[in-house]
Amino acid sequence: MDPYASAGVDEEREQDVFARAMRPWLARTKVRSPMVTSITGLASGYFATLMHIPPGPPLALTTDGVGTKILLAREANRWEPIGVDCVANNVNDVICVGAVPLALLDYMAIDRIEEDVLEAVARGLYQGAEEAGIAIPGGEIAQIGAMLAPSAGGPPMLDLVGTAVGALPPGRDPVDGSRVRAGDVILALPSSGLHSNGYSLARRALASLALDSPVPGTGQPLVDALLAPTRVYVRAAEALWEAGVTPRGLAHISGGGLLNLARLAADVSYELDALPPAPPVFALIAEAGRVPPETMYATFNMGTGFCVVVSPAEAPAAVDALESAGEQPVVAGSVTGRPGRFVSIPSAGLLGRGDAFEAVRDTV
């Protein structure tokens, strides 16, 4: 059985059931207001949805939460990181369509009100918003203790979700990856660690280790490695446009790891042969939980938080622009003409498609 599924997250079944049980109903919904001329993105499963309300610019919409990283935040009673995560998870999706993030609304479900916890979450939301250059003009707190298994004697139990809005600047075409071509260059931007994906598997793999135990090779407490906030890539994306670089594809490497490249629209494939180094916490998860490489790479970002696909001619300018924004871009690989949206990682002996990697002797 797949280790991630045995940890309680069956991504394949989730996608299959969504396609059968939910998508047909959602696809039937229609905008009846004459103000809205188009909505795109729902059927494609892309990172964000675009909605156009003339004469204004197309708006980018997305929503995401923090997942079971919240359980570690509760165990450590450290809440600021998940506030940052909530912002980052959403704005990093908004920039994938070429939009500039503008605002985020947050929703928190909690079993009881504790002021210090709410303040810590809000500080994290503020930190993420400052990094992304957005406002958080409102939100909602719902006290639903009966639904969240009330947590008497410890920190509150809560869930945190955000919905972000962005806009396409005048003259900027949407980015969906349809312009990606064979020979294009893939640039990888390092992650800060797990970000906020794969924690059901990580918690299971590391269950026998204390949170204050050191991560081998670093001396860093495990809790610090696991609660490192998700990086915000808004400045990096905008640096590309400001430098005159037109990205052909932008991919937030979140749940599903580097297989997120396959969400780009072009029917091509991606070969990754020089990725940023994976932080040591990933090796610890793999060893402690006996998690095979194909599951690691299909679950975690493995050190890459965002990918940019550019033409070969624009690759040098893109690298310079990203470095000027404080990034350390790695020329990670190239696009191939093979149809099917495969992702190959030759150094790991992996070939992936859809939501899974397989170990192979010879990747293409």
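Student: Which residue takes a positive phi just after α3?

Tutor: Asparagine 77 does, with a phi of about 55°. Before we go on, note that this is a predicted model, in which local features need pLDDT of at least 70 and side-chain atom pairs count only at pLDDT 80 or more, while totals for chains, interfaces and linings use all residues. Residues are numbered from 1 along each chain as its sequence is written, and side-chain values use heavy atoms, with hydrogens and water left out.

Student: Which residues of helix α3 are buried?

Tutor: Helices here are DSSP runs of H or I with at least four residues, strands are runs of E with at least two, and both are numbered from the N terminus. Buried means under 20% relative accessible area, exposed means over 50%, and partly exposed lies in between, with a 1.4 Å probe and protein chains only. In helix α3, which covers residues 69-76, the buried residues are Lys69, Ile70, Leu72 and Ala73. They cover an arc of only 160° around the axis, which puts them on the same side of α3; the arc is that of the directions from the helix axis to the C-beta atoms.

Student: Why do residues three or four places apart in an α-helix point the same way?

Tutor: An α-helix has 3.6 residues a turn, so residues at that spacing point the same way. Helix α9, residues 280-289, gives another case, with Val281, Phe282, Leu284 and Ile285 as its buried residues. Seen down the axis of α9, these buried residues fall within an arc of 160°, so they line one face of the helix.

Student: Which residues is leucine 226 in contact with, leaving aside its neighbours within four places in sequence?

Tutor: Leucine 226 is found in helix α7 and counts as buried at 3% relative accessibility. Leaving aside those neighbours, leucine 226 is in contact with Lys69, Leu72, Leu194, Tyr199, Leu206, Leu211 and Val281. Leucine 226 and valine 281 are 55 residues apart along the chain, and their C-alpha atoms are separated by 7.9 Å.

Student: Is threonine 230, in the loop, buried or exposed?

Tutor: Threonine 230 lies in the loop between α7 and α8 (234-242), and with a relative accessible area of 3% this residue is buried. A polar contact is a pair of N or O atoms within 3.5 Å; within protein, one must be able to donate a hydrogen and the other to accept it, and residues adjacent in sequence count only if both atoms are side-chain atoms. Such a contact, of 2.7 Å, joins the side chains of threonine 230 and aspartate 85. Not counting residues up to four places away in sequence, threonine 230 touches several residues, including Asp85, Asn89 and His195.

Student: What value does phi of histidine 195 have?

Tutor: Phi of histidine 195 is near 60°, a positive value in a residue other than glycine. Histidine 195 lies in the loop between β7 (185-190) and α6, and at 1% relative accessibility this residue counts as buried. Methionine 302, in the loop between α10 and β10 (304-310), also has a positive phi, of about 55°, although it is not a glycine.

Student: What is the order of the strands in the open sheet?

Tutor: Strands of a sheet pair through backbone hydrogen bonds, either parallel or antiparallel. Two strands count as paired if DSSP finds at least two bridges between them. The open sheet here has 8 strands in the order β8-β10-β7-β11-β9-β12-β13-β14, with mixed pairing. Strands β8 (249-252) and β14 (356-359) stand at the edges, each with a single partner strand, so one side of each is left without a neighbour in the sheet.

Student: How many bridges join β7 to β10?

Tutor: There are 6 bridges between β7 and β10, which run antiparallel, and the bridge partner of alanine 188 is cysteine 307 in β10. Strands β8 and β10 also pair in the antiparallel sense, over 4 bridges, with histidine 252 opposite phenylalanine 306 in β10. From β8, Gly249 and Ala251 point one way and Leu250 and His252 the other way, and all are buried.

Conventions: Contact = heavy atoms within 4.5 Å.
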